[in-house]
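Me: I have a structure open and would like to learn how to read it. Please take me through it one feature at a time.

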Amino acid sequence: MGGDHGHGKPSMPDWRQWKVEGTPLEFTQQRLAARGLKDPWARNEAWRFTRVVRLADLVVPSFKWGFAAFTVALAVEYALFPPKKGGH
């Protein structure tokens with residue numbers, strides 16, 4: 001039911017490759033251990049801290065499309081509603 005749509009099952013990385021050491025989760029693990037607790041799912045969240053995200057990585061892809069949309073909107077506005085000469 002629902003169909004596969006040709007995608008198949010996505011491959012998942014091995015859970016043993018992620019380490020809590022060296023991430024902000026390490027501090028959380030230490031605080032939990034002081035109370036006798038443990039977070040068994042912390043390793044599943046460690047992947048979030050493995051890659052440094054730069055501002056350029058976030059801005060550049062969307063800036064291209066945004067600038068293209070702005071250019072088209074500006075061209076349409078000037079084509080349909082040309083500015084009046086000499087008026088305020």
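**Reading the model**

Reply: Start with the secondary structure: the protein chain has three helices and zero strands. Keep in mind that this is a predicted model.

Me: What pattern does the protein chain follow along the sequence?

Reply: The pattern is α-α-α.

Me: How do I check the length of a helix, say helix 3?

Reply: Compare an expected span with the distance between the ends. Helix 3 covers residues 55-80, which is 26 residues, and at 1.5 Å a residue it should span 38 Å. Its end C-alpha atoms lie 36 Å apart, so the two values agree.

Me: Where does helix 3 bend, and by how much?

Reply: The bend is at phenylalanine 63 and comes to about 30°.

Me: What share of the protein chain is buried?

Reply: Of the 88 residues in the protein chain, 6% are buried. The accessible surface is about 8,500 Å², and carbon and sulfur atoms account for 64% of that surface.

Me: Now a single residue. Which helix holds arginine 43?

Reply: Arginine 43 sits in helix 2, residues 42-45. Its relative accessibility is 30%; buried means under 20% and exposed over 50%, so arginine 43 counts as partly exposed.

Me: Which residues does arginine 43 touch, leaving out those up to four places away in sequence?

Reply: Arginine 43 touches Trp15, Arg16, Trp18 and Val20.

Me: How far is arginine 43 from leucine 25 in sequence and in space?

Reply: The two are 18 residues apart in sequence, and their C-alpha atoms are 8.6 Å apart.

Note on methods: Residues numbered from 1 in each chain as written. Predicted model: local features only at pLDDT ≥ 70, side-chain atom pairs only at ≥ 80, totals over all residues. Heavy atoms only, no water. Helix = DSSP H or I, 4+ residues; strand = E, 2+ residues; numbered from the N terminus. Expected span 1.5 Å × (residues − 1). Bend = angle between axes of the 7 residues up to and from the residue. Buried < 20%, exposed > 50% of the residue type's maximum accessible area, 1.4 Å probe, protein only. Areas by Shrake-Rupley, 256 points an atom, 1.4 Å probe, with all protein chains shown as cover. Contact = heavy atoms within 4.5 Å.
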